[in-house]
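Here is a briefing on one protein chain. It covers salt bridges, sheets, helix packing and a few single residues.

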Amino acid sequence: MAMNNFMPNVGTSAFRLPSTVTVSMALSAFLVVVLALTLQQTQRLNVEIERLHWQLSLAQFTHTKNGREQSEQVNQVEVLRRIEKALQDQNVKDDAPKESVTTLLTDLRKDIENSQRELRKEVVPLDFPLNLNQTCPSPDVDNNQSEAMDAWTIATKSMSAALLVMVVVGAFWVYGRLDNLPQVLPRPLASKLKYYTKSLPPSKVLAYRMDNWFSTNPNSKAVALMTVTLLLVGVGGVAIFSVSDTSLYNALWEALAGVGIDWTFSEEAGSGRGFSGVATRVVATIVSLGGLLVTALMLGIVSEAISEKVDEMKKGVSEVLESDHTLILGWSDKLIPVVIQIILANESIGGAPIVIMAERDKEEMEAELARANLDMKGSRIICRSGNPLLRYDLAKVSVHLARSIIVLANHQSPDQSDARVLRIVLSLVALHDKYKERGGLKGHIVAEMCDVDNEPLVKMVGRDKVETVVAHDIIGRLMIQCARQPGLAGVWEELMGYEGAEFYFQEWPELEGKTFGEIVMSFPDAIPLGITPAHGRRVNLNPESGYVFQRGDQLLVLAEDDDTYQPGPYVKANAGERPQWEWPRSPEKILFCGWRRDMDDMIIVMDEFVSPGSELTLYNEVPIHERHELLKKGGLDPDVDLKNLTLYYQDEKLKGDLVTRKKLENLDPASFSSILILADESATGNFIADADSRNLATLLLLRDIMMKSKQSEGLSEAERLPSLEFFQNACNDGDERVIISEILDLRTRNLIQELSISEFVMSNELVSMVLAMVSESATVNTVLKELFTDEGNELYVFPSEKYLRPGENLSFYDLMARCQSGLEVCMGYKENGTVILNPPKKHEQRISLETIEAVVVLADAE
């Protein structure tokens, strides 16, 4: 009845299971008690046997000792009698008895020493304990008190053993029947358990909670290991205390040593540690095995922690502690050229840190940079993995302390890439507002755009913190300018980047009050190009000679480095009279080989540059019926929007492969004044070399067709075959027709330079140079944008006949003065096919029609 009141609504099976377990646990406890009593009684019997053994040995020793003592006493009595008899019977002199007594005493001493020596020989072999009271209790000890203490010790150890067995068995039973606890527990406890488990199986709830704890708590593994260690020490200590005669305190320390310190604990148990016996050795072995498990777990946790830290360092997720560094966000084919230019730009100051963050593994980025075999020149490159769209990752690379931030476009479609750049700029602007109390972002942002139509949106979001570089627009305009002016490609290659002459802005208080005409003739190691007013950002390129330099104005110069030039005294040059020469303006016939996404923009730019009546032919692989729609989609209607050009693009013969000779021969390439070979804009990575190979093959085919058609008369069939020497001679024979090839790979550029078979435009490298130059100085972007457009000032490569008469020998100062008289700034000249900008020794008279081929000037486009 009591059981029914205690556990209502529980069936018969619910009682049978706990009853069986209770009987099993009680029986186990009883067996443990019996085993403990048996072991204790066995131990006491062993002690009694050892005690009897030592008592027997002691009795034998005592009996032998007594016999020897009696014998020694007899000998001593005999000696005394002999001494007494000698004194009584002999009547000698006074010293005679003394000699006899002395002799007898000496004999007695020798006998005693012999007896002691024999006694030692008998005592040593016994080898009994020094403290005999340990095994042979003193008869004075109270036997009743000792038996009472033994009984209390046996009862305590037995209860400890029984309790330990019950706890261990009960824990295994509860674990095995965890889901049945609500049926066994009283109703209040069962209700609380159901409330916490949401009526789900307790085993699943426990596993779920443990899984969450291990996944959310970073210290869960260490806490779990500590808990297992403490449980093992506690259980092992109680077990050792139960089966040995040591105290609980010492047993716990012995268990602790066996778990984590001394793995030989099981071998040393019973050998001088205060306890012995088979049960003790068994428990010690179990504790040692548990210690091995704990040690293995500890080593695993430590090894995993070290591995995670090393992986974190390899993945590049740690914080960057740098300032005044150049930060590059993203990864593309332009990254390594950008890094090279930044390294060159900082060479004069001993190098600077360059931080790269991209959505790539740190090891991959470092491996690719290592393959590039960069000459660091004192700079350092730090790679980090992260998403430039996330503020946390941007803060991790110290974005607010960077002196400039370059955002590279990726290999997605132009609109997707520009959208991504826009989001990154938004994140950077948000961080600028966040750090506004500390001055905001320290450096400016340079964003690479793919479509010129998306540039205004990024400028609107970034305001005055963003400088945009539209890659396709720059390359398109540059190729058009180079196609119209032979030699201009070499000028841009020399001008861009930091290997040759560079743009520099600086204030010069000593120049205040001087005119620009005087300033031009005052720098022996630089070429003044323009002035940035004190209250404006726009650079005034090639200002009037009478413009007066004012306080706060910055002078733009072309120099080798920022520390290689200083203003000097004014040099009065002899300008002389310029020859009569006019630039011939006649209609041009141009051929575009290949197709670009911004073809409509290139056609519009070409229409602005050429004279009326010019023709433009498009030859590519795009289907004829799609070309008109693609141009109109880009905002160009060929029938309405073109003023100076006539566009040919819908003839079937204008569709074909660029490396098919028959198709190219049908175009009659010799009839064109300039030809542009466009690269495949979709080529990235390993496909860049394939795109360059196609362009190189097209270039060689066009050169061969043009030269053979010109010189075919009188040539044998062997001479008609293509040869490298033939191409090189044809390029240097004064032919005014220009072929410009767009090149993507640096290796291809080196090949074309060595062979000297054509001019070229390194599109990726030029864009990279522009990005690096703008990152070093934001004002340079305004200069480059003006030079690339048809409005304002441009770079020109004019024949030397425009400035020199036959027989004249001028210094570079004289040539500068002559150019200045025509509102032009002389930047350099072309000598033996090599472009020389900002030449040294400007006062030497060595410039003539025989020494230079062309003059490079900055002049107004009008």
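The model is predicted; local features need pLDDT of at least 70, side-chain atom pairs count only at pLDDT 80 or more, and totals for chains, interfaces and linings use all residues. Residues are numbered from 1 along each chain as its sequence is written, and side-chain values use heavy atoms, with hydrogens and water left out.

**Whole chain**

- The chain holds 28 helices and 22 strands. Helices (H or I, at least four residues) and strands (E, at least two) are DSSP runs, numbered from the N terminus.
- Of the 862 residues in the chain, 43% are buried.
- A contact means heavy atoms within 4.5 Å. Among contacts with a separation of 6 or more, 75% come from residues 24 or more positions apart.

**Salt bridges**

- Side chains of opposite charge can pair when their charged atoms come close. The rule here asks for a side-chain nitrogen of Lys or Arg within 4 Å of a carboxyl oxygen of Asp or Glu. By this rule there are 24 salt bridges.
- K377 and E347 form one of them, at 3.9 Å from N to O. K377 sits in the loop between α13 (362–372) and β3 (380–385), and E347 in the loop between α12 (335–345) and β2 (353–358), so the pair ties together parts 30 residues apart in sequence.
- K377 is partly exposed because its relative accessible area is 29%. E347 is partly exposed too, at 41%.
- E364 and R360 form another salt bridge, at 3.8 Å from N to O. E364 has 40% relative accessibility, so it counts as partly exposed. R360 is partly exposed at 24%.
- R403 and E776 meet at 3.3 Å, N to O. This pair links distant parts of the chain: R403 is in the loop between α14 (391–396) and β4 (404–407), while E776 is in helix α26 (residues 763–776), 373 residues apart.
- R403 is partly exposed, with a relative accessible area of 27%. E776 is partly exposed at 26%.
- Shared partners join E347, D375 and K377 into one network of salt bridges.

**Sheet with β7, β8, β9 and β10**

- This open sheet has four strands in the order β7-β10-β8-β9, with antiparallel pairing. Two strands pair if DSSP finds at least two bridges between them.
- Which strands are at the edges? They are β7 (502–507) and β9 (540–541), each pairing on one side only.
- Six bridges join strand β8 (residues 526–532) to strand β10 (residues 554–559) in the antiparallel sense. P528 stands opposite V557 in β10.
- Helix α27 (residues 780–788) packs on the sheet and touches β7, β9 and β10. The direction of α27 makes about 130° with that of β7. Such angles run from 0 to 180 degrees between N-to-C directions; axes are lines fitted to C-alpha atoms, for helices over the stretch in contact.

**Sheet with β17, β19, β20 and β22**

- The order in this open sheet of four strands is β17-β22-β19-β20, with antiparallel pairing.
- β17 (793–799) and β20 (834–837) stand at the edges with a single partner strand each, so one side of each has no neighbour in the sheet.
- On average, neighbouring strands of this sheet are turned by 30° against each other, direction ignored.
- Seven bridges pair β17 with strand β22 (residues 854–860) in the antiparallel sense. P799 stands opposite A854 in β22.

**Helices α17 and α18**

- Two packed helices are described by the angle between their axes and the distance between the axes.
- The axes of α17 (residues 471–484) and α18 (residues 488–495) come within 8 Å and cross at roughly 135°. The two helices are therefore oblique to each other. Under 35 degrees counts as roughly parallel, over 145 as roughly antiparallel, 65 to 115 as roughly perpendicular and the rest as oblique.
- L478, Q481 and C482 in α17 meet L488, A489 and W492 in α18.

**Single residues**

- Q820 lies in helix α28 (residues 812–820). Q820 counts as buried because its relative accessibility is 16%.
- Leaving aside neighbours within four places in sequence, Q820 is in contact with F516, G517, V520, M521 and S545.
- V302 lies in helix α11 (residues 278–315). V302 is partly exposed, at 42% relative accessibility.
- V302 and A222 are 80 residues apart in sequence and 9.3 Å apart in space, C-alpha to C-alpha.

Definitions and conventions: Buried means under 20% relative accessible area, exposed over 50%, partly exposed in between (1.4 Å probe, protein chains only).
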